[in-house]
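I opened the model to look up its aromatic rings and the charges beside them. My notes follow.

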Amino acid sequence: MFRLLKIWCAVLVVGGLALPAAAVLKFSNSYYSSRNKERSVRSSTSLIILHTTETSSTGSALRKLRDNGECNYFICPNGVVYRIIDHRRVAFHAGRSMWQGKTNLDNHSVGIEAGGFHNKPLTRAQYQALAELIGELKYIYKIPDHCVLTHSQVAYGVPNKWHKRSHRGRKRCGMLLARPEIRALLNLKSRPLVDPDVKAGRLVVGDVYLANVLYGSPSQKQQAVSYINAPDSNLISSGRSAWDIARDGYNASTTTYVFPNGTKKQGHQIADFRFLPSGTRVVVGAEVDNPAEHYQTIGQQGKAQDIAGAEVLLNSTIYVYPNGVYKRGHQLTATDVLKLPYGTKVLLGYDVGGPISTAKLPSQICGGQWKSADTYFLIAGALMPGNQIDDKKIPSGAMIFYKK
Ligand SMILES: [Zn+2]
């Protein structure tokens with residue numbers, strides 16, 4: 001197996017001027033994922049993406065990351081670096097993501113999870129290990145400092161109850177690691193000063209506080225960080241919605257709403273998030289950091305407009321009718337959209353390939369992405385996720401829907 005370069009310390013000794021010797025990284029393979037064999041080797045690597053696990057339980061974080069193959073490395077609070085997915089292979093860590101117009105960044109990045117929280121400092125041992133690991137990866141892949149990003153910088157969400165447009169701010173994962181003083185600890189000397197996708201109009205800001213932490217003036221940054229760390233920051237108020245607190249976990253079954261009278265409901269049991277009483281406490285449970293983006297269903301998750309917002313008529317919005325026929329948004333009129341039948345499945349931000357034939361294999365259409373959990377095959381009127389399909393049983397004529 002290819003190992004990270006061991007000559008790194010030697011690289012630091014330049015012309016007889018010995019810089020402080022970097023400690024040797026301590027690696028462990030004890031949580032190496034069995035999913036390595038099913039993950040393709042990336043054809044390009046232009047980013048390093050940093051995450052925080054949002055749990056203090058190292059054991060449960062490691063098991064989840066290993067079982068789902070959700071990162072390339074995990075850095076323990078004691079500084080030990082666990083190899084999860086070979087750094088050359090695709091790990092499912094970024095989910096729906098965009099940077100400079102490029103999407104599906106799992107295919108272009110190494111993902112590093114740090115055991116800890118997006119708004120709390122990591123340990124010194126973690127910063128040291130992160131700095132060294134990032135240094136090695138930058139060297140191997142020729143990645144400049146400003147291409148080392150946090151998940152919160154690259155994750156984006158499709159329209160939902162809170163936002164009519166695709167937006168930045170789906171996650172705050174890794175947020176503090178984007179702050180200049182932390183980047184200095186990681187030996188990162190340059191950073192993005194603006195969000196390129198917001199600037200270009202591809203996305204809107206979906207989390208003002210996150211945007212201020214990442215790109216605001218020094219006073220905006222300070223204000224935002226103190227706001228996030230405030231002890232009552234999980235209480236709903238006139239200025240703080242369920243979205244502000246739980247992000248895209250607002251309607252998850254793992255998010256609990258404790259009302260002022262003490263009664264509780266889970267996110268998926270709440271019909272209207274606009275009328276939650278002030279003082280409702282939102283407890284965001286441990287959730288899969290990067291669940292596969294699944295389709296939504298008209299009737300279950302609302303009307304087409306609730307699901308697709310401003311993207312309702314785009315060609316990247318795919319509607320799969322209950323009878324198995326599919327249409328792209330631009331093939332429909334606003335009136336057609338109102339008449340979409342109950343049970344129509346809606347895929348947002350997707351491209352269409354196919355039909356599959358011996359001359360047009362799934363891998364030729366979208367590379368290794370064909371077997372992702374968020375790629376779907378339309379077979380006999382049903383949508384089958386790529387990670388559950390036997391490649392020898394994909395019938396000729398099947399269509400494939402994959403994230404752009
Ligand atoms: Zn993350």
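I started with Arg-83: its charged end sits over the ring of Phe-27, 4.1 Å from the ring centre. I count a charge as over a ring if NZ of Lys or CZ of Arg is within 6 Å of the ring centre and within 35 degrees of the ring normal. Lys-142 lies over the face of Tyr-139, with 5.0 Å to the ring centre.

The model is predicted: local features need pLDDT of at least 70, side-chain atom pairs count only at pLDDT 80 or more, and totals for chains, interfaces and linings use all residues. Residues are numbered from 1 along each chain as its sequence is written, and side-chain values use heavy atoms, with hydrogens and water left out.

Next I searched the whole structure for aromatic pairs and got 11. Rings of Phe, Tyr and Trp (its six-membered ring) pair if their centres lie within 6.5 Å; planes under 30 degrees apart are stacked, over 60 edge-to-face, the rest tilted.

I looked at Phe-27 again: with Tyr-73 it forms a tilted pair, 6.3 Å centre to centre and 45 degrees between the planes. Phe-27 is in strand β3 (residues 27–28) and Tyr-73 in strand β5 (residues 73–75), so the pair ties together parts 46 residues apart in sequence. Strands are DSSP runs (E, at least two residues), numbered from the N terminus. Tyr-73 is buried, at 2% relative accessible area.

Then I checked Trp-162 and Tyr-250: the centres are 5.5 Å apart and the planes at 85 degrees, so the pair is edge-to-face. Trp-162 is partly exposed at 23%, whereas Tyr-250 is buried at 5%. Buried means under 20% relative accessible area, exposed over 50%, partly exposed in between (1.4 Å probe, protein chains only). Ring pairs link both into a cluster with Trp-243, Tyr-257 and Phe-273.

Technical notes
Helix = DSSP H or I, 4+ residues; strand = E, 2+ residues; numbered from the N terminus.
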